[in-house]
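Please consult the sequence and the coordinates alongside the text.

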Number of protein chains: 2
Amino acid sequence: MSAARVLVGVVAQSIAKVEDRVSLPQFRVLVMVATKGPSNLSAVAESLGVHPSNATRTVDRLVTAGLLDRRDAPTDRRQVSLTLTEQGKQLVDSVFSERRAAVQQVVAKMPRSKRQKLPAALECFAEAAGEIPEDDIGHLEWNN
Amino acid sequence: MSAARVLVGVVAQSIAKVEDRVSLPQFRVLVMVATKGPSNLSAVAESLGVHPSNATRTVDRLVTAGLLDRRDAPTDRRQVSLTLTEQGKQLVDSVFSERRAAVQQVVAKMPRSKRQKLPAALECFAEAAGEIPEDDIGHLEWNN
DNA sequence: GTGGTTACGTGCATAGTTGCAATCATTGCA
DNA sequence: TGCAATGATTGCAACTATGCACGTAACCAC
């Protein structure tokens, strides 16, 4: 659990650095679009567990901020197609790479012997988690 | 990083379950009081990085919700003493124990051989993090 | 005591999130 | 063509968070 605290701290810190530019729900939208590719609004709303009307307005703000691109979907003009702008990509990337750096900074302080055993154990842990229904393990896409 | 995603997902899920009752900033206040014992308002505000006036109102809501107890500090009547009510304790405990359960559920799925190596590696990881200035590693008390 | 400092609280303003109901455009089916 | 279903948006209303300026009560040093 203390390791989990550390990791959560890293994530929180990485988000805090961009909180001036985007709120947490907004960032979640960006991450979802970044990870799942061009999406429509309903998908975003459902994935985040909010009312579609809220998703609309959150996307509004991201479009205004120049982080998200909203256009009509080619196949069905009722839907919209959401993609990250270059700025949006950079923002998401900056958060992710900072997380990596922070974790690596910690790993670098571990004694070499244990450091080598860590990846295998963690990979195994992640695999084990993959075998559990997503409802039980949580919203994995939450903010990463 | 995938292991980190899993752990963060667990934390996010555990918080999502109480988000109907308390907001994220509110929960952070509860956790801070739970971990650092009776506190005054300034400490809470500074620890959360918000303006003291906001801390006042956040605490207001928690008191109204019956999760927090606010009374004059015995030593200095300018200050207040914040403690968790029984309800508040239960809420924090429920989140923490759910996290533990979720992690253990994952660990239980790991093969026995690797399972034994995990705790040592993670403990070492956490220790390594402890050696890094808090500004670099993040606000560890964030929500845990 | 008097004055400065400290710790909280209040009023005010702004912005973001949330849900619900209603509306509009598009699509697909009869 | 006409009508229902779908996807998105808008108006409305409430709540939370946030900072700033100001006020009040208590403490401390002189």
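In what follows, Ala, Val, Leu, Ile, Met, Phe, Trp, Tyr, Cys and Pro count as nonpolar, Asp, Glu, Lys and Arg as charged, and the others, Gly among them, as polar. On this basis, the surface near DNA strand C has five nonpolar, 11 polar and seven charged residues. The model is predicted.

**Chain A**

- Chain A contains seven helices and two strands, and their order along the sequence is α-α-α-α-β-β-α-α-α.
- Along the principal axes, the C-alpha atoms of chain A fill a box of roughly 55 × 35 × 25 Å.
- An unreviewed UniProt entry lists residues 1-127 of chain A as "domain: HTH marR-type".
- In the model, residues 1-127 of chain A are 69% helix and 8% strand, and the end C-alpha atoms of this span are 18 Å apart.

**Surface near DNA strand C**

- DNA strand C is surrounded by 23 residues, of which Ser23(A), His51(A), Asn40(B), Ser42(B) and Ser53(B) are the closest.
- At least two residues of this surface come from each of α2 (24-36) and α4 of chain A, and likewise from each of α3 (41-48) and α4 of chain B.
- The element that gives the most to the surface near DNA strand C is α4(A), with five residues.

**Surface near DNA strand D**

- Around DNA strand D there are 25 residues, and those that come nearest are Asn40(A), Ser42(A), Ser53(A), Ser23(B) and His51(B).
- Two or more residues of this surface are given by each of α3 (41-48) and α4 (52-64) of chain A, and by each of α2 (24-36) and α4 (52-64) of chain B.
- By class, the surface near DNA strand D comprises six nonpolar, 11 polar and eight charged residues.

**Contact between the chains: α1(A) with α6(B)**

- Helix α1 (residues 2-16) of chain A packs against helix α6 (residues 112-130) of chain B at an angle of about 45°, and the axes are 8 Å apart.
- Given that angle, α1(A) is oblique to α6(B), and the crossing of these two helices is left-handed.
- From α1(A), Ser2(A), Ala3(A) and Val6(A) meet Leu122(B), Phe125(B), Ala126(B) and Ala129(B) of α6(B).
- The contact of α1(A) with α6(B) holds six nonpolar residues, one polar residue and no charged residues.

**Contact within chain A: α2(A) with α3(A)**

- The axes of α2(A) and α3(A) lie 11 Å apart, and the packing angle is about 120°.
- These two helices, α2(A) and α3(A), are therefore oblique to each other, and α2(A) passes α3(A) in a right-handed crossing.
- Pro25(A), Arg28(A), Val29(A) and Met32(A) of α2(A) meet Val44(A), Ser47(A) and Leu48(A) of α3(A).
- Five nonpolar residues, one polar and one charged make up the contact of α2(A) with α3(A).

**Contact within chain B: α1(B) with α5(B)**

- In chain B, helix α1 (residues 2-16) and helix α5 (residues 86-108) pack at an angle of about 145°, with axes 9 Å apart.
- The crossing in which α1(B) passes α5(B) is right-handed.
- Val6(B), Val10(B), Val11(B), Ser14(B) and Ile15(B) of α1(B) meet Val95(B), Glu98(B), Arg99(B), Ala102(B), Val103(B) and Val106(B) of α5(B).
- The contact of α1(B) with α5(B) is made by eight nonpolar residues, one polar and two charged.

Definitions and conventions: Residues are numbered from 1 along each chain as its sequence is written. Chains are lettered from A and ligands numbered from 1 in the order in which they are written. This is a predicted model: local features need pLDDT of at least 70, side-chain atom pairs count only at pLDDT 80 or more; totals for chains, interfaces and linings use all residues. A residue is near a molecule or strand if its C-beta atom, placed from the backbone, lies within 6 Å of it. Helices (H or I, at least four residues) and strands (E, at least two) are DSSP runs, numbered from the N terminus. UniProt positions are given in the numbering used here, feature names are shortened, and annotations may be inferred rather than shown by experiment. Axes are lines fitted to C-alpha atoms, for helices over the stretch in contact, and angles run from 0 to 180 degrees between N-to-C directions. Angles under 35 degrees count as roughly parallel, over 145 as roughly antiparallel, 65 to 115 as roughly perpendicular and the rest as oblique. A crossing is left-handed if the near helix is turned anticlockwise from the far one by less than a right angle, and right-handed if clockwise. Two residues are in contact if their C-beta atoms, placed from the backbone, lie within 7 Å.
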